[in-house]
Amino acid sequence: MYLRSFLRNRWERKGYDIYTGNDFYSRVEKRQRIQGERKRIQTELCQREGMVFRSEAIDNAIEGLLDSGKYTENRMLVLRNPYCMAPLTALIVFTTKFPCSVQVTVEDGKILDERTPVSVRHRIPVYGLHAGQENRIHLELWRDQAVCMEKDILITTGALPKSLVGQVKIREKKRASASPFTMAFGGDTKYPYAFDENGEVRYYIRQKIKSYGIYQLSGGRFLYLSPNVEIPSFSNPHSALALEMDFMGRVYREYLIPDGIHHDGCEMTPGGNILTLSSSMDQHVEDTVIEIDRNTGRVVKRLYLRDVLSEHPYFDLLDWAHLNTVSYQPEEGTILLCARNLHSVFKIDWQTEKLIWILCDTSFWEDTPYADRVLAPRGEIAFCYQPHAAYFLPEVAKGRKTLIIYDNHWNKRRPVESFDGDEKSYVRIYTIDEVENTVRLQSSYQTTKSKIRSNGIVTGDHVFAMSGALVESIDGYQGRITEFDRESREILNDYLTRTDFYRAYPFFADFVSLCQPMVEKAQILGDKEGVENRTGAVEETVPAREGLPEIGFEFYEDILLVTGTDHQVQKIFFCGKNHRYLKDYSQTVQKNPACFGNMRYSMPVPTSVLQPDDYQIYIQSNGQLYDTKKTFQIAG
């Protein structure tokens, strides 16, 4: 593939060479194998390198070409989909003899009209390309406040995946949007995507995602949850592998999270530790917050909501709280939690774990020890039922805070007598007086009933209702994105999405950070010690059955992935000549088999703590021990 691209480029003589990330990586991969690296584990099983390793290998190769001086302003290197993750992106690479900046524009300039930092080494990120056509990219080289060179580059892209064709329909268009590009993801949407004001998909990530899986971080990065590497729970399996990515598809870090992650996550400070939602797994799920050290990936703190709310009558459901959002207020050291199945938003001191206040229908917490923590309503007010996405807005004045919530206004999981039966959903903005412990309804924006998921966004003087899961489809479309004027509440723009989604956000990539090379070292972070050490001589062969169930085995870096249906495998044994280890996944049982019992995914088993030995893999499946006939060797 690389040779064909090389010959075509030389024949066409356009002043630039065009390759793909796959072309480029094939050379890097071959060199790595020749050098004989990554030999700690020897096995006949499939071995895959990590996503960070792949991104780093491509990035290092690009830096090597910049060092060589091979590509200049007269002959540039153009990499389509450079990191093999985002097909409607490209990277333009070259050096100049003199320091300059480069202005890059994609057609109308709405998604990309940016200038790079001044340098002699140029890595120009391009995103927002049109699918299935030739895109004209205009470059201007600026030196001493003047354009010293201009160049057009043509980049041809492939067609959209079938699942994204006709994904967005314009229902109403009155005014230029406060967010020219909107990104939707999760739910039943196969690939995360961003669309423009014409409803055209201009960006997508060609990798499946967990149904709730992108968490925005600073510096143009986000956490991307794997839908394939998971741990079993009493209900929905939790993602156990999170990728820290940017919008070019570069993966900077991978986090292995033994606790598992669901629904939401955030940075505590820009570049700092990460808070995510997890589960206590004490016969309950989706009721815990964990703090992940950004540098090691280890869980350094857990907050169990049951410890904050230890005395109330609502421990009557497996998913009694159903936390769906978490945010951190660094100036106060507090967290904000939205609990769908408690119809409540909680503010909690992160260090002391003391409850500060509750926003909820006041009748819900009557006759409990927490009634005095419920914010007292002032003026005409509407409460939220089974809400999602509760966050503070950056609007603070004299002890007052502004809070936005998507009120699904749904009363199915935990019926409330005072529910008004309203058949609409709303984005609601509240003003909270923390001195008086009161709440006022500032404004409401009515939209179509969305039973789950969804979120509200304020951008400038516009409010977005991201209705991710409509109870009744509109013209066969399952999601709706509505943009309102904040003051008048007039609908300005209205879009429908063919598939439902988890959330949607304005799409703003951090252009300057995408111009920079990677600096992190390839590795998977996190707690890799979750394997019980049963060291000692193995005197005899473990008795085991023949006829292995349909179970898959492969190595992802030094993590063994054991693939089967939910709860099919309870224990994994590594039996060596002198050492024995156990990974135990038998602590949970599936209590909602109709929804999750047939899910197939890979359970991670770290091997970094294993001593050098020749190991044979055994599994316990449905109470029976099986010899898998699979082996691997860890070199000394």
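Analyst: When residues are sorted by class, Ala, Val, Leu, Ile, Met, Phe, Trp, Tyr, Cys and Pro count as nonpolar, Asp, Glu, Lys and Arg as charged, and the others, Gly among them, as polar. This is a predicted model, where local features need pLDDT of at least 70 and side-chain atom pairs count only at pLDDT 80 or more, while totals for chains, interfaces and linings use all residues. Residues are numbered from 1 along each chain as its sequence is written, and side-chain values use heavy atoms, with hydrogens and water left out.

User: What is the average pLDDT of the protein chain?

Analyst: The chain averages 91, and 95% of the residues score at least 70. pLDDT is the predictor's confidence in each residue, from 0 to 100. Over residues 537-541 the pLDDT is below 50, and that stretch has 8 contacts in the model beyond near neighbours in sequence (contact means heavy atoms within 4.5 Å). Where pLDDT is low, the predicted coordinates should not be read in detail.

User: Ok, cavities. How many of 30 Å³ or more are there?

Analyst: The count is 3. On a 1 Å grid over the protein atoms alone, a cavity is a set of points where a 1.4 Å probe fits but cannot get out; a pocket is an open set with protein on both sides within 12 Å along at least five of seven lines, and lining residues have an atom within 4 Å of a point. Grid points are joined across faces, edges and corners, and a volume is the space filled by probe spheres set on the points.

User: What lines the largest cavity?

Analyst: The largest cavity holds about 60 Å³, and its lining includes Ser177, Phe195, Asp196, Glu197 and Tyr495. By class, that lining has 5 nonpolar, 3 polar and 3 charged residues.

User: And how many charged residues are in the lining of the second largest cavity?

Analyst: No charged ones: the lining divides into 9 nonpolar and 2 polar residues. Among them are His343, Cys360, Phe383, Cys384 and Tyr430. The volume of this second largest cavity is about 50 Å³.

User: Which residues lie nearest the centre of the largest pocket?

Analyst: Those are Gln216, Ser327, Tyr391, Phe392 and Tyr505, out of 39 lining residues. The largest pocket has about 1000 Å³ of space, with 22 nonpolar, 10 polar and 7 charged residues in its lining.

User: What stands opposite methionine 183?

Analyst: Tyrosine 505 in strand 35 does. Strand 11 (residues 182-185) pairs with strand 35 in the antiparallel sense over 4 bridges. The two belong to an open sheet of 4 strands in the order 13-12-11-35.

Definitions and conventions:
Pairing = 2+ DSSP bridges.
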